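Dear colleague,

Please find below the structure for your records. A summary of the findings follows it.

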Amino acid sequence: MNYFFPDHLYDIAGIFLMITVMTIIFLILIGNYFSKNLTDPIQDLTEATKEVEKGNFNIGLDIKTKDELEVLSKAFNSTTKALGEIDKERKQIDQAKTQFISITSHELRSPMTPMKAQLQMLMKGYFGKLSKKQKDSIQMVIRNTD
């Protein structure tokens, strides 16, 4: 027997304490659930953004939260798809540019080689003696063909 409080008050205090502890545990679990549902999609978006930064445009998100994060993930997916197509086109243009430069360079060198050979033969006197003025002029043309 207690001299300060009747026994039934201890029972009520115990029940109140148990209800309070259960409520706190319940609120912690609910908070954790909502927090995880919010942070996981954000972490997925962050990781996907890092992949895009590295040049990987084949990344896709499948966030099903029925809120703004799902809308954002769909916008992200369409953006990465467009970026992937642009990157593919850029690579094709670079390849075409490289091929064009290679072909153009070859085509320009092809007629220059026989001309240069003829000029060198002139300089060495295969077709007769040249004056200093003629040699200087031919030397300038040979330098330009190089």
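Isoleucine 30 lies in helix α1, residues 7-53 (helices are DSSP runs of H or I of at least four residues, numbered from the N terminus). The model is a predicted one, in which local features need pLDDT of at least 70, side-chain atom pairs count only at pLDDT 80 or more, and totals for chains, interfaces and linings use all residues. Residues are numbered from 1 along each chain as its sequence is written, and side-chain values use heavy atoms, with hydrogens and water left out.

With a relative accessible area of 33%, isoleucine 30 is partly exposed (buried is under 20%, exposed over 50%, partly exposed in between; 1.4 Å probe, protein chains only). Together with Phe26, Leu27, Tyr33 and Phe34, Ile30 forms a nonpolar surface patch of about 550 Å² accessible area (residues with over 30% relative accessible area and no salt bridge, nonpolar side chains being joined within 5 Å; a salt bridge is a side-chain nitrogen of Lys or Arg within 4 Å of a carboxyl oxygen of Asp or Glu; areas by the Shrake-Rupley method, 1.4 Å probe).

The largest nonpolar core has 8 residues: Leu45, Ala48, Val52, Phe57, Leu61, Ile63, Leu69 and Phe76 (buried nonpolar residues joined through side-chain atoms within 4.5 Å). Two or more residues come from each of α1 and α2, and α1 contributes the most, with 3. Valine 52 is in contact (heavy atoms within 4.5 Å) with Phe57, Ile59, Phe76, Thr80 and Leu83, leaving aside residues up to four places away in sequence.

Lysine 124 sits in the loop between α2 (68-123) and α3 (132-145) and is exposed, at 66% relative accessibility.

Yours sincerely

Definitions and conventions
Patch = residues over 30% accessible without salt bridge, like charges linked within 9 Å, V, L, I, M, F, W, Y side chains within 5 Å.
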